[in-house]
Amino acid sequence: MSDMAVQMSTRLQVGYHITEPVTGVDLVEWQLCIAAGEPLTIINQEGVPSTGQCIVQANTGLQTNDVLTVHYDHMI
């Protein structure tokens, strides 16, 4: 068996701010609890409540032939 490496991103993604109002789950609080060694209270998707809804937001920022400078927003 060969050596393998698995990479995991522990950062919250850009949509995390939608999670709390829609589900009531505070992901930042969960990260802190997990870091403190506390067990997860919800262990599968069925345990995540849905208390709201999300409206999809479409943003535009670049068009064909636009130039990105060194001061670009890395989220584009």
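Guide: A polar contact is a pair of N or O atoms within 3.5 Å; within protein, one must be able to donate a hydrogen and the other to accept it, and residues adjacent in sequence count only if both atoms are side-chain atoms. At the start of α2, a side-chain oxygen of Asp26 comes to within 3.1 Å of the backbone nitrogen of Val28. This is a predicted model, in which local features need pLDDT of at least 70, side-chain atom pairs count only at pLDDT 80 or more, and totals for chains, interfaces and linings use all residues. Residues are numbered from 1 along each chain as its sequence is written, and side-chain values use heavy atoms, with hydrogens and water left out.

Visitor: What makes a stretch of the chain a helix or a strand?
Guide: Helices are DSSP runs of H or I with at least four residues, strands are runs of E with at least two, and both are numbered from the N terminus. The chain has two helices and zero strands.

Visitor: Why is Thr23 called buried?
Guide: Buried means under 20% relative accessible area, exposed over 50%, and partly exposed in between (1.4 Å probe, protein chains only). Thr23 has a relative accessible area of 13%, so Thr23 is buried. Thr23 lies in helix α1.

Visitor: Why is Val48 called partly exposed?
Guide: Val48 has 28% relative accessibility and therefore counts as partly exposed. Val48 sits in the segment after α2.

Visitor: Which residues does Thr23 touch, leaving out those up to four places away in sequence?
Guide: Contact means heavy atoms within 4.5 Å. On that basis Thr23 touches Val48, Pro49 and Thr51.

Visitor: Which backbone atoms lie 2.7 Å and 3.1 Å from polar atoms of the Thr23 side chain?
Guide: The backbone oxygen of Thr19 is at 2.7 Å, and the backbone nitrogen of Val25 is at 3.1 Å.

Visitor: What makes the lining of the largest pocket nonpolar, polar or charged?
Guide: Ala, Val, Leu, Ile, Met, Phe, Trp, Tyr, Cys and Pro count as nonpolar, Asp, Glu, Lys and Arg as charged, and the others, Gly among them, as polar. The lining divides into six nonpolar, four polar and no charged residues. Both α1 (16-23) and α2 (27-35) supply at least two residues each.
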